[in-house]
Amino acid sequence: MGSAIARELSRYNLRVVVLEKHPDLGMGTSKANSGILHAGFDALPGTHKASLNVRGNALYHELEAELGIRLKWIGSLVVALDEHDLAVQSDLLRRGKANGVPRLELISRDTLLELEPHITKTALGALWAPTAGIVSPFDATLAFAENAVQNGVTVLREHAVEQIVVNGNAVAGVVTAHGYIETTWIINAAGVHAGSIAALVGDDSVAITPRKGEYLLFDSTLEDCVKSVLFPTPTKVSKGIVVGPTVHGNLFIGPNAANVSDPEDLATTAIGLSEIIDGAKKLVPSLPLGAVITQFAGLRAVAQHDDFIIGPSPVVRGLIHAAGIQSPGLTAAPAIAERTVDILRELGLHLKPNPRFMPLRPAHLSYKEHGEPGRRHLFALNPLHGRIICRCEGVTEAEIVSAIHAPCPAHTLDAVKVRTRAGMGRCQGGFCGPRTSALLARELGLPLSSVRKDTSESFLYFPRRGGHPVADTRPEFDVAVIGGGPAGLAAALAARERGAKRVVIMERDRELGGILNQCIHNGFGLHRFNEELTGPTYAQRYIDMVLADAAITVYLDTMVRQVRPGFQVLVSSAAHGPMEVAARAVVLAMGCRERTRGAIRIPGSRPAGVFTAGAAQRIVNMEGYLPGKKIVVLGSGDIGLIMARRLTLEGAKVLAVVEIMPYSNGLTRNIVQCLEDYDIPLYLSHTVTEVHGKDRVTGVTVAKVDENKSPIPGSEFALDCDCLLLSVGLIPENELSRELGVLFDPVTLGPVVDQFRHTSVPGIFAAGNVLHVHDLVDFVSEESELAGRAAADFAAGNMPPTCQTLSVRAGEGVRTVVPQKIALPAGAEDTIRLYLRATIPLQRCTLTVTSGHQTPLTRRFPVAKPSEMITVDVNALSLAEGANELCVSLREVEKHER
Amino acid sequence: MSANRKLICIVCPIGCIGEVCIADGQVASMQGFICERGKSYAYAESTNPLRMLTTTVRVRGGVLPLLPVVSAGSLPKACVPVGVQLLSEIIVDAPIKVGQVIFPDLLGLGVDIVASRDLPARPI
């Protein structure tokens with residue numbers, strides 16, 4: 001009922017929320033009833049039931065097409081077994097005509113026996129109502145709800161209403177199990193609980209008695225037993241025990257009628273079942289009881305005056321009842337929904353049409369209902385159609401998975417069942433129940449013990465002694481490595497060498513190797529392998545080692561969303577969906593990203609054709625397209641230089657590389673082999689001051705800059721190009737680390753670490769470009785091995801206790817130094833390698849490491865360039881006792897000292 | 001005929017900027033290179049500059065559309081652009097293993113072009 005009203009309300013520009021107590025919609029009366037669309041001759045003329053039944057029946061003809069509700073207009077027969085019944089039938093015929101039921105007629109015994117060969121031979125005749133039909137009541141409820149959701153209605157499941165807040169005699173909001181919702185209008189469509197809802201505001205106008213009806217359902221092999229819905233002639237309390245087909249080809253008998261006090265009492269009873277068997281056998285004596293597949297009971301919500309209660313609460317403004325919706329409630333539902341909206345309008349709710357209302361919810365055939373070509377087509381669209389989960393009803397894995405993720409999702413076993421029919425067949429879930437439960441667990445990221453049958457607390461399975469099966473527990477690792485680039489690969493391998501039992505690499509791209517995969521040029525690995533390798537080959541060597549180690553798990557297409565203390569690593573993976581991974585130690589190896597045009601604020605228009613150099617590299621080297629044909633590169637970082645050569649070789653014209661600094665930021669080798677080899681001019685102390693073009697870049701303005709890097713007026717010149725590549729710096733990608741609360745170095749923009757690459761959060765290590773941007777991958781690998789080994793030690797509880805911490809400071813001439821701390825004692829690794837960068841280019845300089853009054857190390861360098869990282873080794877044993885700082889500085893040797 | 005050519009040495013981080021005087025295609029003299037390795041670099045760079053070639057070729061049936069390739073040894077610098085253009089025309093079939101010869105004896109120079117990485121076939 002609530003769903004039908006929500007769908008009707010979604011025609012208007014309103015904010016509508018459906019509050020459902022259960023984990024699924026339609027779990028009350030809607031789910032367990034006869035599924036009959038009554039013709040409308042039962043109710044007394046003048047009642048809500050009478051008018052809304054006939055209107056509702058007519059509306060279903062439209063809804064069948066609109067909402068794709070599966071209906072069968074098979075007609076109903078009220079069977080007369082004696083003379084008294086025949087008299088009642090004449091009354092029913094008159095009443096039906098008064099109610100406006102079309103095409104009602106009395107038929108003879110012979111006609112009846114011809115229509116229904118299995119009917120009792122003692123039948124005397126029947127009232128034929130061709131406009132009656134059958135429907136799956138859940139299907140109808142879901143159709144209303146899904147269309148409502150499509151049109152903007154929110155459905156909140158497991159949101160039982162606990163309190164209605166009233167302000168000055170008018171509704172102000174509702175308190176639910178999960179918080180407060182402000183509203184001025186409440187529709188009470190709470191079924192057997194409608195009285196309790198009314199009572200929340202002291203309204204006693206709704207008194208609902210739950211009246212139980214029990215049913216037996218037969219196997220679909222009895223499909224042809226009866227053709228239409230067979231009623232006995234009604235008594236005053238009930239329409240009697242029905243024998244009828246279901247829309248899915250089963251046969252059902254029931255219901256009886258017994259008032260109960262508990263609105264949750266859905267138990268079948270021995271008395272009740274024999275009552276319906278006896279009743280049904282009066283109509284169809286030959287019922288084969290061996291073909292019964294299940295029994296169930298539903299509750300009718302019977303109001304005190306026996307009619308529907310549709311109207312405003314006499315107690316508070318804003319509360320409208322749609323209560324006491326017993327038979328023919330399913331038939332009347334769309335008409336009740338219309339009536340309810342009319343009442344809201346009469347009460348002053350301004351109803352503007354919802355401009356985006358879409359009445360259609362396309363019907364879709366199930367896999368089983370398709371012919372072979374249709375099934376092949378479905379399989380081609382989704383290979384999960386290849387696995388039949390419910391063999392009785394022919395339901396595929398794809399159908400179940402899509403029900404679990406539908407707009408009104410199925411999160412319980414019964415919710416899957418009523419949507420897909422998995423478990424509805426003759427084995428009643430004996431075969432598919434465990435399989436469907438496992439799919440629910442998989443899709444929802446839950447252990448099987450969290451899967452429920454229907455209600456909030458209806459857990460199906462208990463955990464076994466000794467813990468969950470391994471497949472069901474969150475995967476647990478000694479070391480989790482975030483990032484599968486060179487840093488992550490080296491860290492994972494080193495962690496394994498150091499004794500970590502289980503290591504995982506989580507990589508967001510489709511393959512391991514990180515940015516090396518797009519760096520197709522050579523020059524990698526001189527330090528590590530004593531060879532000049534291309535980027536992909538360097539990566540391949542590490543990938544081969546990782547893949548050869550069965551104790552390293554690799555998750556590809558997997559993004560780490562958050563690392564929580566402990567460590568819970570929350571990921572989204574293409575293969576596994578949202579998932580949680582447990583790890584004792586974590587290595588952050590997420591690498592870096594490129595600075596963008598926005599970050600350096602180049603003015604001008606924003607046409608297509610402005611790319612960062614790395615993005616262009618991916619387009620050229622991985623996807624096989626060019627970012628432009630006439631190119632200007634801003635920034636002389638290595639990627640920019642490499643791309644200048646690469647694009648030239650691919651047939652593009654690189655007009656210039658423009659560098660704001662008076663020196664290049666790239667390696668000399670790249671200046672020579674990428675620019676000079678191809679006569680590409682390098683403009684030092686120049687920058688791009690404006691980008692031109694509307695759709696596509698048409699050119700840039702370049703200007704000379706002064707010593708403060710400000711453009712010098714009058715020095716501008718134009719370059720006609722269709723593409724601007726930016727190679728203006730790299731930024732460590734530390735969003736995850738920041739959430740973890742690690743301390744940062746404001747200059748490297750990476751975490752502060754000690755020589756083990758241990759961050760300020762115990763158990764969290766960082767290495768590679770996430771820590772500080774490197775220029776040689778060889779150093780990334782080397783540094784990551786430190787982090788991997790230390791993470792393995794941490795995971796095993798073998799981390800040496802730190803007695804003292806020295807801070808390492810970047811002194812004169814040094815821009816950055818990593819590590820920023822030294823933990824003492826230094827453990828097995830006495831030699832501590834410092835990685836540093838000069839602030840400005842220096843000639844003939846001395847690097848000095850001072851500690852207190854001592855100078856444990858001095859080294860001379862012929863040159864120091866900011867673009868080339870310098871490494872020096874300090875022996876931990878040589879550090880002064882008592883000092884708490886180490887200072888690293890770079891000074892040019894004075895002329896007279898030379 | 002003689003000409004002076006400025007050269008930056010790339011052998012070590014110092015990056016000496018020196019000058020080589022070429023006369024009749026031969027190195028007549030050089031200055032500015034401070035070590036022997038630098039001098040021999042400058043000599044080679046002036047007489048027979050060599051480069052590695054790296055580029056991509058198109059792949060049929062692979063998990064990726066392009067395969068990175070590299071020359072198995074260095075080539076005369078002037079041959080690199082021609083070689084890249086030649087390789088831009090070809091298509092290879094997956095699967096491919098790292099080091100597999102993709103194009104033998106490029107331009108008759110006696111140098112093979114080999115795959116830089118494994119490239120598995122796309123699952124059917």
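## A parallel pair in chain A

In this predicted model, β12(A) runs parallel to strand β20 (residues 319-323) of chain A, and three bridges join the two. Strands here are DSSP runs of E, at least two residues long, and helices are runs of H or I, at least four residues long, numbered from the N terminus. Two strands pair if DSSP finds at least two bridges between them. Look across from A:I186 and you find A:L319 in β20(A) standing opposite.

Zoom out and there's an open sheet of three strands, ordered β12-β20-β19 (chain A), with mixed pairing. β12 (186-188) and β19 (309-312) of chain A sit at the edges with a single partner strand each, so one side of each has no neighbour in the sheet. From one strand to the next, the twist averages 15°. As a reminder, strands of a sheet pair through backbone hydrogen bonds, either parallel or antiparallel.

## Two helices crossing

Also in chain A, the axes of helix α10 (residues 397-404) and helix α12 (residues 432-444) come within 10 Å and cross at roughly 45°. That makes α10(A) oblique to α12(A); angles under 35 degrees count as roughly parallel, over 145 as roughly antiparallel, 65 to 115 as roughly perpendicular, and the rest as oblique. The axes are lines fitted to C-alpha atoms over the stretch in contact, with angles running from 0 to 180 degrees between N-to-C directions.

Who meets whom? From α10(A) come A:E397, A:I400, A:V401 and A:I404, and they meet A:T436, A:L439, A:L440 and A:E443 in α12(A). Contact means C-beta atoms, placed from the backbone, within 7 Å. The residues of this contact split into five nonpolar, one polar and two charged (Ala, Val, Leu, Ile, Met, Phe, Trp, Tyr, Cys and Pro are nonpolar; Asp, Glu, Lys and Arg are charged; the others, Gly among them, are polar).

Chain B has two helices and 10 strands, running β-β-β-α-β-β-β-β-α-β-β-β from the N terminus on.

Across the interface, 23 residues of chain B are in contact with 22 residues of chain A. On the chain B side, β5 (54-60), β6 (66-71) and α2 (79-87) each supply at least two residues, and β5(B) gives the most, with four. That side of chain B divides into 13 nonpolar, five polar and five charged residues.

Residues are numbered from 1 along each chain as its sequence is written, while chains are lettered from A and ligands numbered from 1 in the order in which they are written. Local features need pLDDT of at least 70 and side-chain atom pairs count only at pLDDT 80 or more, whereas totals for chains, interfaces and linings use all residues.

How values were computed. Contact = placed C-beta atoms within 7 Å.
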